[in-house]
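I opened this notebook to keep track of what I looked up, entry by entry. The order is simply the order in which I went through the model.

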Amino acid sequence: MTPLRVPKQQVAGLLTALLDQYQVIAPVEEEGLVTFGRLGSPEEAVLDYRNARVSPKGLLFPQAEVLLTYNLASERAELQEAPQQQERQVVFGIRPCDARSFVLLDRVFEGNAWHDGYYLSRRRNTTVVALACPRPGLACFCASVGGGPFSTEGSDLLLTDLGQEYLLEVVTDKGAALTEAWSEYGEAGEDSLRRKAELQQGAEAALAGRVEIDGIDRRLKGMWDDVFWERLHEKCLGCGVCTYLCPTCHCFDIVDEGSDRQGQRLRLWDSCMFPLFTRQASGHNPRPTGKERWRQRLMHKFCYSVDSYGEVGCVGCGRCVVNCPVNLDLRHVLNEICSDRTHQGT
Amino acid sequence: MTDVAQAIRDTARRLLADGRVDVVIGFEAGTLPLRSSPCFVRDAGDTDRLVWNMTCENNLARYLPRVEEKAGIVAKGCDARSIVGLLTEGRLERERVYVIGVPCQGILDRRSIERRLAGKEIVQAQEGETEVLVRGEGFEVALSKEEHLHASCRACRSRNPVIYDTLVGDPVAEGDGADEYADVREFEAKPAAERWAYFLAQTSRCIRCYACRNACPLCYCRTCFTDVTQPQWLGRTTDPTDTLVFHIARALHVAGRCVDCGACDRACPLGVDVRKLTRKMEKDVEKFFHHKAGMSLDEPLPLATYSLDDPEDFVQ
């Protein structure tokens, strides 16, 4: 389908039309903090942003969700599965790195072995309108991990800010369906497409070579006992900033809350950086220190993920880099793993 | 490089070379503008990594209970008070730590600078005498350091370390006589409903990452109450009940111990005003127990002591 041009003054109208039919999630700002929030009106959307502090993964995989409720108060036990999301949502204006994170999450929650109905009901009801990233942030490295600032992976539609107007490109049938009712936008001309190509080239050039991770999975496989792990974690606080802000970290815990008669079963985000993550009922913890936890986090993202899905489990959004309270910079850790200095043996 | 940084390097090199410490905990240059990063130096030849500037925002005392070697530590005023706290609470032996005290001019609040720039990305920052020069795409602004001090540094009255083995740099003037708790009084004066709404709004942003807890030099429990599952003291959702209870319990656990270093506040990725509760505790402890945490090795801990003369007004 031919790309369309959406003049900026018409974006409010477009969002209004979407709001009639969908729950619309977009970047919103409060006290200088950009997050993804449910739009009440079009003017709340902040589209001239770099990226939101918190990733959009919670839109598909909430931090806490009820899986089922139980009640043993009556004659027989009652189990009630939580209703799955039916409401259709449009995620508007997320960056290509975040859109791509949905594809990585799909591989986990819609894997060969298991289909997660809770996730998938949200995913199926979600249409992603991504906003290309002409000015990547200082800590961004999407192009080093298989993505790109104009990547369409995970997006149904892609918008590119051309100054006075947005270029609107249809990526999937789902995206095409969304645009069916939009007759008011004209086709984009050669100029617009050329401008987009320039922006894309500029952004890609800015990102080139930021992190070099060629063959990182193989390197990690040979590093299990490397002294590298002994010191890497030393400054780490062991908090969950990196994993909770990460768009692709997806580990969870399942807990029951309530009494022995009635209550609910919840699924909660969990973090491999927490001691409780692997503590067993006996009290034994197979990952007793930051050393084992950091090794796990990197192995999972950059080795096991490659084994399982053929790609690293990182989209290079840079949130963990920017927000780590002690500036333990993942980019430097990756570069160090891939430099020949690292491997000092055991 | 500043004279203070050079003096820190020289001291660290000497301590390591003489075998007086096994490790020096200090700061190294960060990887992003306005950032520095804690570092552990074990080799006397490696001390040139150490830096000192107004982005050295972490409280390094946090690492002491977890380091088993004899450690030298670069300590600002608040880090030094935290070390006093660890010593008086029996979490650290005096002979196991060598304190390199550094009089502190305050730490920059990078979030405040980011807010000032309204989303424009800082690509480079350079600290001058009274200003910090920040540059980015199409802008270059000199910002007053004083105006962008972290809130805990504005309230600070102990910029000079209260405990040290070596003092590096000249002592600095302590804060003026202005009301140290003006912020708390202002908040106390608000109607209860407004205060409640404020806490709800602030904690609604919390993602339970525990960065505030883990950055705290006095949060050293081997198992935090939040991590106990039998019994489960606290729900782990982001429901306002769970989140508020977490923040209230965290604040109460540091009552009479918190030195208001602000490390919790700076660690929070969501900018939650986590000091609001601890500040109130601090003020109340000072009022009711005449105690300011971490100022003296000899003073008994207010919540771990008693006297027969203790007022019992609260017993009705």
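Predicted model: local features only at pLDDT ≥ 70, side-chain atom pairs only at ≥ 80, totals over all residues.

Entry 1, contacts along the sequence. I began with chain B and its contacts between residues at least 6 apart in sequence, where two residues are in contact if their C-beta atoms, placed from the backbone, lie within 7 Å, and found that 68% of these contacts join residues at least 24 apart. For chain A I looked up the share among contacts of residues at least 6 apart, and there 72% join residues at least 24 apart.

Residues are numbered from 1 along each chain as its sequence is written, and chains are lettered from A and ligands numbered from 1 in the order in which they are written. Chain B averages a pLDDT (the predictor's confidence in each residue, from 0 to 100) of 94, and 99% of its residues score at least 70. For the complex, the predictor gives an ipTM of 0.96 and a pTM of 0.95.

I counted ten helices and nine strands in chain B, taking helices (H or I, at least four residues) and strands (E, at least two) as DSSP runs numbered from the N terminus. The radius of gyration of chain B is 20 Å, close to the 20 Å that the globule rule gives for 316 residues, so chain B is as compact as a globular protein of that length; the radius is taken over C-alpha atoms, and the rule is 2.2 Å times the number of residues to the power 0.38. Of the 316 residues in chain B, 42% are buried, a term that requires 20 or more other C-beta atoms within 10 Å of the residue's own, with exposed meaning 12 or fewer and partly exposed in between, C-beta atoms being placed from the backbone.

Chain A has eleven helices and eleven strands. Its radius of gyration is 22 Å, close to the 20 Å that the globule rule gives for 346 residues, so chain A is as compact as a globular protein of that length. In chain A, 41% of the 346 residues are buried, and the C-alpha trace spans about 65 × 65 × 40 Å along the principal axes.

How many residues of chain B are in contact with chain A? I found 29 residues of chain B in contact with 35 residues of chain A. Strand S2 (36-41), helix H7 (211-215) and helix H9 (263-267) of chain B each supply at least two residues of the side that touches chain A, and the largest share, four residues, comes from S2(B). By class, this side of chain B has 13 nonpolar, ten polar and six charged residues, where Ala, Val, Leu, Ile, Met, Phe, Trp, Tyr, Cys and Pro count as nonpolar, Asp, Glu, Lys and Arg as charged, and the others, Gly among them, as polar.

Chain A is divided into domain 1 (4-207) and domain 2 (216-338), with bounds that come from an automatic or database domain assignment. The centres of these two domains of chain A, taken over C-alpha atoms, are separated by 25 Å, and their contact takes 34 residues from domain 1 and 27 residues from domain 2. Chain B is divided into domain 1 (3-109 + 149-304) and domain 2 (110-148), and here the contact takes eight residues from domain 1 and 13 residues from domain 2.

A:Asn327 has a positive phi of about 55 degrees although it is not a glycine, and A:Asn327 counts as buried, with 24 C-beta neighbours inside 10 Å. The peptide bond from B:Gln230 to B:Pro231 is cis, with omega near 0 degrees.
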